[in-house]
Amino acid sequence: MGYLRPDIAAMSGYVPGFQPDDIASWIKLNTNENPYPPSPKVVEAILAEIGSDGASLRAYPSASSQKLREAAGVLYGFDPSWIIMANGSDEVLNNLIRACAAEGQDVGYVHPSYSYYSTLAEIQGAVVCTYGLTESFTIEAFPEHYHGKIFFLTTPNSPLGFAYPLPYIEKLAQNCGGILVIDEAYADFADYNALELVKKYENVVVTRTFSKSYALAGMRLGLAIARPEIIAALDKIRDHYNLDRLAQAACVAALKDQPYFRESCRKIIETREWFTMELTAIGYSVIPSQGNFVFATPPDKNGKRVYTALYEHKILVRLLSDPLLAHGLRISIGTREEMETTLAILKKIG
Ligand SMILES: Cc1ncc(COP(=O)(O)O)c(C=O)c1O
């Protein structure tokens, strides 16, 4: 159609993980959601926000998400001027590209990691450069002076699960001439995070999501932490009412219930360690994970065979279409019971 930009008409678009309609009949381990519900205080806050007649919904929400930025600031140790809230971290990843890379400029990321960066860069008309990984999970041939406008580092890496060591990330920040976005979607399940680098380097941005550790994928909540100059630019780009009232109420309540949050993460990490051990014992090779998922390779290195067998038992895991990853599967960590069922099937199918 002549109405469309030819590059948009030609691009294939991102394919998100499968979300079945009859979700309750599946053990769903394909999109790294939290198997536990959010804090009961989140539900209370949403109901209180709606009220008995929904009258509050007539009015626009806070455009600046001020209360959330304050609550996040207290938790992470930053002034609210260093924080922007987003309608899922995907929104802020998109706006980072729009803020930094014009048409024809370079956007880089590691392959394999979160391929949505590539889609977002294509939409902007930017040039995508990917860097591979070495056997020891360092970035292959990363230049001493990287001139791209923006580089995305997913740590812990998805789908592989490993985290880059902090000194390594710091070196990347020094090597990047543009912005280094540290996508910490899974950092709450890891032993450490890179927040301190935001204070130390003006080109570092950290992004987080509430979809995984806070069990709020359905509400669409994320954030970025960076220098106020960067935050101010992102603020101009976003939709002015990017977070609805219910999402804002949910987010404040979730951030404030840290004991619930910590316990939820603790259970997932404990199950991850147990599941890794059990998979290894049946001959799988499993990359030690710092996220709420593992990347596991069956003994016959046939990810498709195992994916199909699990699917037939109504267990959904992620088989990635990339030939680099076809030997294995990314399996989200569910409840202990869900993982015991999954393990029993894996043992049965061999
Ligand atoms: C590495 C990474 N970044 C960002 C996201 C997007 O998160 P959100 O749900 O906050 O948009 C995901 C979701 O799976 C992810 O894996």
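**View A. Asn94 in helix 4.** Asn94 sits in helix 4, which spans residues 89-100; helices here are DSSP runs of H or I with at least four residues, strands are runs of E with at least two, and both are numbered from the N terminus. Asn94 counts as partly exposed because its relative accessibility is 24%, where buried means under 20% relative accessible area, exposed over 50%, and partly exposed in between, using a 1.4 Å probe and protein chains only. Between the C-alpha atoms of Asn94 and Ser25, which are 69 residues apart along the chain, the separation is 34 Å. Please keep in mind that this is a predicted model, in which local features need pLDDT of at least 70, side-chain atom pairs count only at pLDDT 80 or more, and totals for chains, interfaces and linings use all residues. Residues are numbered from 1 along each chain as its sequence is written, and side-chain values use heavy atoms, with hydrogens and water left out.

View B. Among the 13 residues around the ligand, Ser89, Asp183, Tyr186, Thr209 and Ser211 come nearest; to be counted, a residue needs a heavy atom within 4 Å of the molecule. Taken alone, the ligand exposes 400 Å², and the protein buries 91% of that, with areas from the Shrake-Rupley method and a 1.4 Å probe.

**View C. The salt bridge between Arg220 and Asp90.** The side chains of these two residues meet at 4.0 Å, N to O; a salt bridge is a side-chain nitrogen of Lys or Arg within 4 Å of a carboxyl oxygen of Asp or Glu. Arg220 belongs to the loop between strand 7 and strand 8 and Asp90 to helix 4, so the pair ties together parts 130 residues apart in sequence. Arg220 is partly exposed at 31% relative accessible area, and Asp90 is partly exposed at 21%.

View D. Arg208 and Glu184 form a salt bridge of 2.8 Å, N to O. Arg208 lies in strand 7, while Glu184 lies in the loop between strand 6 (179-183) and helix 7 (195-200), 24 residues apart. Both Arg208 and Glu184 are buried. Through shared partners, salt bridges join Glu184, Asp188 and Arg208 into one network.

**View E. Strand 8 and its two neighbours.** Strand 8 (residues 222-225) is covered on both faces: Gly222 and Ala224 on one side, Leu223 and Ile225 on the other, are all buried. Strand 2 (residues 83-86) pairs with strand 8 in the antiparallel sense over 4 bridges, and Met85 stands opposite Leu223. Strand 7 (residues 204-209) also pairs antiparallel with strand 8 over 4 bridges, with Ala224 as the bridge partner of Thr207. Pairing requires at least two DSSP bridges between the strands.

**View F. The salt bridge between Lys314 and Asp22.** The side chains of Lys314 and Asp22 meet at 3.3 Å, N to O. Lys314 is in the loop between helix 11 (303-312) and strand 11 (315-317), and Asp22 is in the loop between helix 1 and strand 1 (27-29), so the pair ties together parts 292 residues apart in sequence.
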